[in-house]
Structure formats: C-alpha cells, structure tokens
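Let's take a walk through this protein, from its overall fold down to the packing of its side chains. Have the viewer open and follow along.

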Amino acid sequence: MIKQNMGRYRRKKMHKGDKPLKEKYRTKRRTRDLDQIHNDMKSPDSLLKQDVDLDKPGAAQFYCLTCAKYFINDKSLTDHFKSKPHKRRLKALETEPYTQEEADRAAGMGSYVAPKKVTVLQQSKPSTEAEMAPVDT
C-alpha cells in the first residue's frame with residue numbers, strides 16, 4: 001500500500017477551497033472603517049497630539065488621521081500624504097457616512113435622500129503641528 005503525502009499540497013486540494021486563507025489575509029490588515037474615521041475627525045487633537053508610546057511606530061508621534069496609520073518618521077508621513085492610497089481614502093471620505101436613518105429609508109421606511117458631500121480636512125503638516133487645512137475640490 002502506498003502512503004499518500006499529507007503535506008500542504010494535499011490539504012490545499014481538499015474540498016474546503018481557499019476560504020480560510022482568504023479570511024486570514026482579509027483580517028490581517030484590517031483598517032478602520034470610514035464611519036469610524038469620520039468620528040475620529042470630529043476631535044482630531046486627541047489623535048494628532050498623542051503621548052509617547054514606544055510600542056507604536058514612531059512612538060505614536062506621526063499619525064495620518066484619514067488613513068488611521070502610524071509612521072516611523074516625518075519623511076515617511078509626508079511621502080504618505082502624496083501617495084495614491086491616501087488620496088483614495090480622502091476621496092472615499094468625501095461622502096457622508098451611512099446612518100440608521102439611511103438604512104431605514106433603504107428598507108422602504110421613507111423617501112430616498114442622496115448622500116451629501118462632506119468637506120474633508122487634510123493634514124497639511126506632520127502631526128507635530130496639528131494644523132488642519134481644507135482639501136480643495
């Protein structure tokens with residue numbers, strides 16, 4: 001009788017598919033949702049002026065509010081402001097976050113109201129100076 005190899009290749013070919021792998025990678029790099037970031041943007045001073053925390057990258061002194069990410073130094077944060085993922089996030093944050101009232105209207109308990117545009121404030125300088133400048137649209 002021939003013993004079959006029960007290594008990674010055989011496990012991969014079983015009937016489970018790749019759902020467990022997809023779930024692992026989907027939750028590994030999970031970012032904050034847009035409505036959570038909208039709540040953070042209501043009071044940005046607490047996130048932009050954080051106490052020194054040596055467990056976080058850059059001791060929690062370089063933080064992008066719209067992407068909810070920590071950076072190791074000033075240069076990496078300013079480079080991030082020019083990047084495409086940051087600009088995509090700014091564009092996504094321009095629409096108003098979903099509310100329970102909007103969910104009720106979608107379920108047929110009210111009339112449709114188009115989502116409004118929200119002015120997103122972009123960090124103009126690194127988090128050491130907590131000045132916010134409006135984004136030109």
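We'll begin with the fold, then turn to the cores and the aromatic rings.

First, keep in mind that this is a predicted model. The protein contains seven helices and four strands, and going along the sequence they come in the order α-α-α-α-β-β-α-α-α-β-β. Of the 137 residues, 22% are buried. The accessible surface is about 11000 Å², with carbon and sulfur atoms accounting for 53% of it. As for how the chain meets itself, take the contacts between residues at least 6 apart in sequence: 43% of those join residues at least 24 apart.

Now for the inside. Nonpolar side chains tend to be buried together in soluble globular proteins. Here, the largest nonpolar core is made of nine residues: Ile37, Met41, Leu47, Leu48, Tyr63, Leu65, Leu90, Leu93 and Val120. Two elements, α3 (34-42) and α4 (45-48), each give two or more residues to this core. A separate second core has six residues, among them Phe62, Cys67, Phe71 and Leu77.

Zoom in on isoleucine 37, a member of the largest core. Setting aside neighbours within four places in sequence, isoleucine 37 is in contact with Arg32, Leu65, Thr66, Arg89 and Leu93.

Finally, the rings. The whole structure has one aromatic pair. The partners are tyrosine 63 and tyrosine 70, with ring centres 4.7 Å apart and planes at 50°, so the pair counts as tilted.

Terms used
Residues numbered from 1 in each chain as written. Predicted model: local features only at pLDDT ≥ 70, side-chain atom pairs only at ≥ 80, totals over all residues. Heavy atoms only, no water. Buried < 20%, exposed > 50% of the residue type's maximum accessible area, 1.4 Å probe, protein only. Contact = heavy atoms within 4.5 Å. Areas by Shrake-Rupley, 256 points an atom, 1.4 Å probe, with all protein chains shown as cover. Phe/Tyr/Trp six-rings, centres within 6.5 Å; stacked < 30°, edge-to-face > 60°. Core = buried A, V, L, I, M, F, W, Y, C linked by side-chain atoms within 4.5 Å.
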